[in-house]
Amino acid sequence: MRLLLLTLTLTLSLTTLAAEPAAAADAFDPQKLQILRTYLQEHGSSSMLIVHKGEVAFSYGDVHKPHLIHSVRKALLNSLYGMYVAKGVIDLDKTLAELNIDDVHGLSETEKSATLRQLLQSRSGVYHPATAESAWMKQQKPPRGSHKPGEFHYYNNWDFNAAGAIFTRLTGKGVLEAFFSEIAEPIGMQDLSGKLSRTQVGVNDDEIPQVDGFYQFEPAKSQFPAYHMRLSAADLARYGQLYLQNGQWNGQQLVLKRNGSVSRLR
């Protein structure tokens with residue numbers, strides 16, 4: 001099932017995600033909203049929210065049902081990195097060699113010259129086997145050593161998994177634990193159970209315990225686990241709103257500012 005989210009707002013209270021106020025809905029053409037609803041139904045989408053000026057203008061499906069997210073997890077990790085870069089805990093220009101990073105099949109000296117920044121940009125040039133890679137991902141991945149760090153973009157699970165492990169090493173906090181305590185809880189995400197897990201099975205939603213997040217291990221491939229989360233459309237709307245509010249929530253600066261703007265990778 002697909003999880004769709006569109007956030008079009010500048011301010012959001014903690015109570016506006018439960019209803020569909022007429023004032024917000026009036027900002028959109030009812031016929032076009034109906035076309036959208038029909039499209040979502042026909043394409044098997046699970047849930048969607050449009051939030052306008054602090055109110056829900058459109059909702060579809062069960063917006064409070066958590067779903068296993070995939071590429072969104074990289075954006076969530078980006079938020080955490082921004083916070084700890086701004087605090088001076090993490091230096092994005094450290095190389096894998098300087099961070100003492102290696103993997104089960106070994107990394108070359110060239111691969112170890114990749115920086116943490118390049119991992120987060122999907123430009124590491126490290127094409128080592130990775131946890132949570134599909135057959136298609138393996139087929140598309142460039143050969144080891146085919147690109148130097150920084151010269152080629154490839155959307156690579158090894159980069160994201162290793163970046164998650166490096167975050168834990170540098171901060172002493174797991175990616176999932178840090179996200180839930182430092183972002184999800186402060187902004188009032190309401191569809192979480194507070195449970196985390198670990199598994200070595202493949203990413204199949206029917207086989208994973210119904211928890212908020214889990215670490216997936218495939219030790220024959222890589223020492224770095226994938227970190228997976230389940231979030232609802234309503235809770236993802238809060239996360240999007242956090243960025244629209246320049247990292248602030250209820251007067252608190254959660255995603256710290258750097259050089260006058262929300263801390264982010266450049």
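Me: What share of the contacts with a separation of 6 or more comes from residues 24 or more positions apart?
Reply: This is a predicted model, in which local features need pLDDT of at least 70 and side-chain atom pairs count only at pLDDT 80 or more, while totals for chains, interfaces and linings use all residues. Residues are numbered from 1 along each chain as its sequence is written, and side-chain values use heavy atoms, with hydrogens and water left out. With contact meaning heavy atoms within 4.5 Å, the share in the protein chain is 65%.

Me: How much of the protein chain counts as buried?
Reply: Buried means under 20% relative accessible area (1.4 Å probe, protein chains only). Of the 266 residues, the part that counts as buried is 48%.

Me: At what angle do helix 3 and helix 8 pack?
Reply: Helices are DSSP runs of H or I with at least four residues, numbered from the N terminus. Axes are lines fitted to C-alpha atoms over the stretch in contact, and angles run from 0 to 180 degrees between N-to-C directions. The axes of helix 3 and helix 8 lie 10 Å apart, and the angle is about 75°.

Me: Why does helix 3 count as roughly perpendicular to helix 8?
Reply: Angles of 65 to 115 degrees count as roughly perpendicular. Helix 3 and helix 8 pack at about 75°, and therefore helix 3 is, relative to helix 8, roughly perpendicular.

Me: Which residues of helix 8 make the contact with helix 3?
Reply: Helix 3 contributes Leu 76, Leu 77, Ser 79, Leu 80, Met 83 and Tyr 84. From helix 8 come Val 175, Ala 178, Phe 179, Glu 182 and Ile 183.

Key. Buried means under 20% relative accessible area, exposed over 50%, partly exposed in between (1.4 Å probe, protein chains only). Helices (H or I, at least four residues) and strands (E, at least two) are DSSP runs, numbered from the N terminus. Angles under 35 degrees count as roughly parallel, over 145 as roughly antiparallel, 65 to 115 as roughly perpendicular and the rest as oblique.
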